[in-house]
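Keep the structure in view as you read.

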Amino acid sequence: MMRTKVPPVACIGEPRLTAGFAEFGRLDLMAHEMEHGPIGPMEPANLLRLAEAIQLKGKGGAGFPFYRKFKAVLESCERQDLPAVVVVNATEGEPASWKDKVLLTRAPHLILDGAALAAYALDAEEIVLCVADDLIGRDSLTDALAERRMPVPTSIVTVPHRFISGEGGALVNGINGLPHIPPGTKKRSSDSGVRNLPTLLSNAETYAQVAIAARLGPYEYAALGTDDEPGTVLLTVTGQAKRAAVVECAAGTPLRDILDLCEVPEGPGILMGGYHGRWITWEAAQRAEITRKSLTSVGGTLGAGIIIPLGRDTCPLGEAAQVVRYLAGESAGQCGPCKRGLPDLARAVDLAVSGSAPVEVVRAAAGDVKGRGACSHPDGTSRFALSAMEVFADDLRQHTTGEGCGKRVKGVMGLPGAPDANPRKLTLDWSRCDGHGLCAHVVPDFIRLDGNGYPAFPSTPVPTWLKEGAMKAVKVCPELALRLVEAE
C-alpha cells in the first residue's frame, strides 16, 4: 500500500540533518539559525575543496561525487563564458522514498542554504527548486523562501510525480518546457542544461549535506561516518517494518541496528536502494553496514537510501512482479528497450512467477534491455528483476511446480495507484480468436504473436503512450476477440 503521509523521523546517534526536529517539529528561519548557526558565502575554490575533502557523493541514487559535478560546471562556465544555473532535485519520484520530503517539510532552510552556497560560488544566474506535483513540501519551501533573501532569483517548478521525472535529463527537459522525459541521447547538464546554460543539478539531501559541512568544516564533519564515507545518511524504511520511518544515522552503522529500530520482522528478503536497487537475504543484512562498499559486498546497494523489508506472510516473487509491471509502465516509451523490452521483461517475470516458464526467460529478457536504453531505467529494472530471481530462488522453485508458495500478494512495496485515471488492460476471448494476427501488426510494441500465431501480451495495464494503438487493435480484430477492460 502506498504511504500518503510523511513518515515519522528517527535517529541513531548524533542528529545533523534532523537536528531540532524533536524541539521544533519544522524549523522556520529563526529555529534553523538557532539550531545550526550562521553561514556565510564561500569562494568556489573553498567549496570545491570542502566537497572533495568530505568525499560527498550525490544522495539521489547514482552516488556521483559532488565535487566532480561542481568542478565540471565551474570549468564549463569559464570555457563557454556563460553563467550557471543551480537546480535542486527534490522531486523524489521513487514511490518508496521519503527522505527528501522530510527535509522539504521540516528542514527546508538546509536545502536552501546548500543551494545558495553553490549559486554564490558559481556566480549563478538562477536557482530552480523542483518538487513533485503531489505538492508535499511545496508550501513549506515557499514559506522558507519568503523568510529569507537568496543570492539569485529562485523559483519553484512542479514536476509530474512519475518514476522517471526526477532523472536528470528529464528534469532539465521539464524546466525548459519540454515533456518531462529523459532526452533521447545522453547529455551533460554541466555543459548544456537549463536554457542551454551550464547547470549544477543535485539532489535535495546533497545540498543539505553541503550546508552542514560548510558549518562544521571537513574535520568535524568526518567525526561521524567512516573514512571512505564521512557524515550521516538519511534512510527510508518502509515495507513490512512495524515502525516505518525516515532514519538518520552515521555511515557505517550496522544495518541490523536500523532493522531493530524499525521493528522489522525476519523475512525472505530486503530490497536495498529502491526499485532500481537489489534484494539481499536476511542473513546478509545481519552482517552489512550502511555504506556503499559494505552493501555492495553482500549483493545490495545504498542507492537513495531506501530499505523495503518483506515479512513471511507475503509472496516475495509476487511483490517483485508487481514492481516490474509498474516500472514497465513508467518508462518514457521513446526507445526500444523501454517500449518493447520492459513489457517483455514484465511478461517474463509474470510467466516465471506463475510457473509457466523457467527463470532463463527472465534472464534473456533482462539481457535484451541491459545497457541499451536512452537512460538508466531499463538497466535499473533489469537489475531489480534479476536480483529477485536470485534471492528468492527457493520460492521460484516452488512456483515452478505450479503450486506456488501458498502466500497471497499483500502489496507492501509502496506502489502508487495507477497514474492513469482510467487504467485499462487487454483481454482475449480465446473462444473467438482465430489467430489473424492483425492486432500484433497494429501495436507490435505491446502485442506479440506466440509460437502458434496467437496474440500474447502482458497482463499489466496498457502504457499511456500505447493506449491509442491498443484501442485501434481492438477495433480491427475481425472476430471481436480482443477487448480493453478496466485494470484491477
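**The sheet**

Four strands form an open sheet in the order E4-E3-E2-E5, and their pairing is parallel. Strand E4 (154-159) and strand E5 (199-203) sit at the edges. Each of these two pairs on one side only. From one strand to the next, the twist averages 20 degrees. This is a predicted model, so treat every value here as computed from a prediction.

In general, strands of a sheet pair through backbone hydrogen bonds, and they do so either parallel or antiparallel.

Look now at one pair. Strand E2 (residues 85-90) and E5 run parallel, joined by five bridges. Which residue of E5 is the bridge partner of valine 86? The partner is leucine 200.

Helix H9 (residues 204-221) touches E2 and E5. The direction of H9 makes about 95 degrees with that of E5.

| Helix pair | Axes | Angle |
|---|---|---|
| H3 (residues 44-53) and H4 (residues 66-80) | within 8 Å | roughly 155 degrees |
| H2 (residues 29-36) and H6 (residues 108-122) | 9 Å apart | about 75 degrees |

Start with H3 and H4. Their axes cross at roughly 155 degrees. Angles over 145 degrees count as roughly antiparallel, so H3 is roughly antiparallel to H4. The crossing of H3 and H4 is left-handed. On the H3 side, the contact is made by Pro44, Leu47, Leu48, Ala51 and Glu52. H4 brings Phe66, Tyr67, Phe70, Lys71 and Leu74. By class, the residues of this contact are eight nonpolar, no polar and two charged.

Now take H2 and H6. They pack at an angle of about 75 degrees. Angles of 65 to 115 degrees count as roughly perpendicular, so H2 is roughly perpendicular to H6. H2 makes the contact with Leu29, His32 and His36. H6 makes it with His109, Leu110 and Asp113. How do the residues of the contact of H2 with H6 divide by class, and how many are polar? There are two nonpolar, three polar and one charged.

**An annotated span**

One stretch carries a label from a record. The UniProt annotation, from an unreviewed entry, reads "domain: NADH-ubiquinone oxidoreductase 51kDa subunit FMN-binding" and covers residues 54-211. In the model, the end C-alpha atoms of residues 54-211 lie 12 Å apart. The span is 40% helix and 15% strand.

Methods
Residues are numbered from 1 along each chain as its sequence is written. This is a predicted model: local features need pLDDT of at least 70, side-chain atom pairs count only at pLDDT 80 or more; totals for chains, interfaces and linings use all residues. Side-chain values use heavy atoms; hydrogens and water are left out. Axes are lines fitted to C-alpha atoms, for helices over the stretch in contact, and angles run from 0 to 180 degrees between N-to-C directions. Angles under 35 degrees count as roughly parallel, over 145 as roughly antiparallel, 65 to 115 as roughly perpendicular and the rest as oblique. A crossing is left-handed if the near helix is turned anticlockwise from the far one by less than a right angle, and right-handed if clockwise. Contact means heavy atoms within 4.5 Å. Ala, Val, Leu, Ile, Met, Phe, Trp, Tyr, Cys and Pro count as nonpolar, Asp, Glu, Lys and Arg as charged, and the others, Gly among them, as polar. UniProt positions are given in the numbering used here, feature names are shortened, and annotations may be inferred rather than shown by experiment. Two strands pair if DSSP finds at least two bridges between them.
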